[in-house]
Amino acid sequence: MADRDATPLDDPVAASLRGRHAHLARRLGAAATYRAEVATFSSVPAEPDERAWADLARLLGPGELADLFSSPATPPSGWEPVFALDGRQLIWGDDRIPAAPGDVTELGADDVPDMLDLVARTRPGPFWARTREMGAYLGVFDGGKLVAMAGERLRPPGWTEISAVCTAPEARGRGHAARLVGALVARIVARGERPFLHVAEANTGAIALYERLGFRTRRTVTFRGFRTP
């Protein structure tokens with residue numbers, strides 16, 4: 001696959017909110033975040049000043065979560081640390097394009113309750129009632145029940161993030177995750193973009209799966225969240 005400028009992946013939240021997800025954004029001055037129930041991710045400039053942090057605090061409100069995703073920017077004193085999680089950013093680095101499987105279904109608004117139930121049981125990461133508006137989500141049903149899904153989340157220019165990859169405990173070991181990721185890769189590449197994803201460093205099983213599927217590590221990251229004053 002031809003090389004593509006990966007600079008937008010240095011701050012994929014900001015790049016998404018400025019571009020493909022501008023319609024899902026809330027802004028105040030130099031700060032931006034997603035609309036309620038879409039995502040908790042927020043952004044400030046690469047070298048934020050006091051005004052930028054004040055804009056974000058006003059945008060989110062007092063005592064709210066400022067999920068800075070992989071941004072290295074550190075808020076001023078008075079912002080309570082909530083979490084820090086080491087992870088990786090991986091990009092699609094294979095010339096092979098997976099064949100789209102026939103047993104996956106595109107999920108819609110009517111599927112949101114089942115999607116939220118699956119997320120609650122499997123905890124793949126942040127997912128809310130409107131997260132599916134960020135991109136296409138695919139699922140696998142067994143006996144009319146949603147047992148696996150994956151979808152598109154951040155959308156920086158030229159790239160699409162694959163996220164919410166999860167399988168119900170009773171349906172694991174059947175290759176659902178690999179087929180869903182493969183189907184999303186095929187869709188993303190077909191429209192001239194390149195897939196990427198994020199994974200917690202401790203999730204060694206997922207890292208091994210993604211590497212087998214053709215992803216490679218671009219960089220290590222730390223996901224961090226803070227409580228606004």
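Reader: How many bridges join strand β1 to strand β2?

Author: There are 4 bridges between strand β1 (residues 25–28) and strand β2 (residues 31–34). The two strands run antiparallel. Keep in mind that this is a predicted model.

Reader: Which residue stands opposite Y34 in β2?

Author: That is A25.

Reader: And what sits between β1 and β2?

Author: The two strands form a hairpin with 2 residues between them. G29 is in the turn, and G29 has a positive phi of about 60°.

Reader: What order do the strands take in the sheet with β1 and β2?

Author: The order is β1-β2-β3. It is an open sheet of 3 strands, and the pairing is antiparallel.

Reader: Which strands stand at the edges there?

Author: β1 and β3 (42–43) do. Each has a single partner strand, so one side of each is left without a neighbour in the sheet.

Reader: Which helix packs on that sheet?

Author: Helix α2 (residues 50–60) packs on it, touching β1, β2 and β3. The direction of α2 makes about 30° with that of β2.

Reader: Now the sheet with 8 strands. What is its order?

Author: Read it as β4-β11-β5-β10-β9-β8-β7-β6. This sheet is open too, and its pairing is mixed.

Reader: Why is one side of β4 and of β6 left without a neighbour?

Author: β4 (65–67) and β6 (105–106) stand at the edges.

Reader: How do β6 and β7 run, and how many bridges join them?

Author: They run antiparallel, with 2 bridges joining β6 to strand β7 (residues 137–142). In one of these pairings, T105 has G139 in β7 as its bridge partner.

Reader: Which strands does helix α3 touch?

Author: Helix α3 (residues 112–122) packs on the sheet and touches β7, β8 (145–152) and β9 (159–167). Its direction makes about 90° with that of β8.

Reader: How many bridges do β7 and β8 pair over?

Author: They pair over 6 bridges, in the antiparallel sense. V140 has A148 in β8 as its bridge partner. β7 and β8 form a hairpin with 2 residues between the strands, where G143 takes a positive phi near 60°.

Reader: Let's go to β11. How many bridges does β5 share with it?

Author: Strand β5 (residues 80–92) and β11 pair over 12 bridges, in the antiparallel sense. L85 stands opposite F223 in β11.

Reader: And how do β4 and β11 pair?

Author: Also in the antiparallel sense, over 3 bridges. L65 has R227 in β11 as its bridge partner.

Reader: New topic. How many salt bridges does the structure hold?

Author: It holds 17. One of them joins D10 to R218, with the closest N and O atoms 2.6 Å apart.

Reader: What parts does that pair tie together?

Author: D10 lies in the segment before α1 (12–18), and R218 lies in strand β11 (residues 215–227). The pair therefore ties together parts that are 208 residues apart in sequence.

Reader: Last one: helices α4 and α5. At what angle do their axes cross?

Author: The axes of helix α4 (residues 176–190) and helix α5 (residues 204–213) cross at roughly 50° and come within 11 Å. The two helices are therefore oblique to each other. Their crossing is right-handed.

Reader: Which residues meet?

Author: A177, A178 and V181 in α4 meet L209, Y210 and L213 in α5. The residues of this contact divide into 6 nonpolar, no polar and no charged.

Note on methods
Residues are numbered from 1 along each chain as its sequence is written. This is a predicted model: local features need pLDDT of at least 70, side-chain atom pairs count only at pLDDT 80 or more; totals for chains, interfaces and linings use all residues. Side-chain values use heavy atoms; hydrogens and water are left out. Axes are lines fitted to C-alpha atoms, for helices over the stretch in contact, and angles run from 0 to 180 degrees between N-to-C directions. Angles under 35 degrees count as roughly parallel, over 145 as roughly antiparallel, 65 to 115 as roughly perpendicular and the rest as oblique. A crossing is left-handed if the near helix is turned anticlockwise from the far one by less than a right angle, and right-handed if clockwise. Contact means heavy atoms within 4.5 Å. Ala, Val, Leu, Ile, Met, Phe, Trp, Tyr, Cys and Pro count as nonpolar, Asp, Glu, Lys and Arg as charged, and the others, Gly among them, as polar. Two strands pair if DSSP finds at least two bridges between them. A salt bridge is a side-chain nitrogen of Lys or Arg within 4 Å of a carboxyl oxygen of Asp or Glu.
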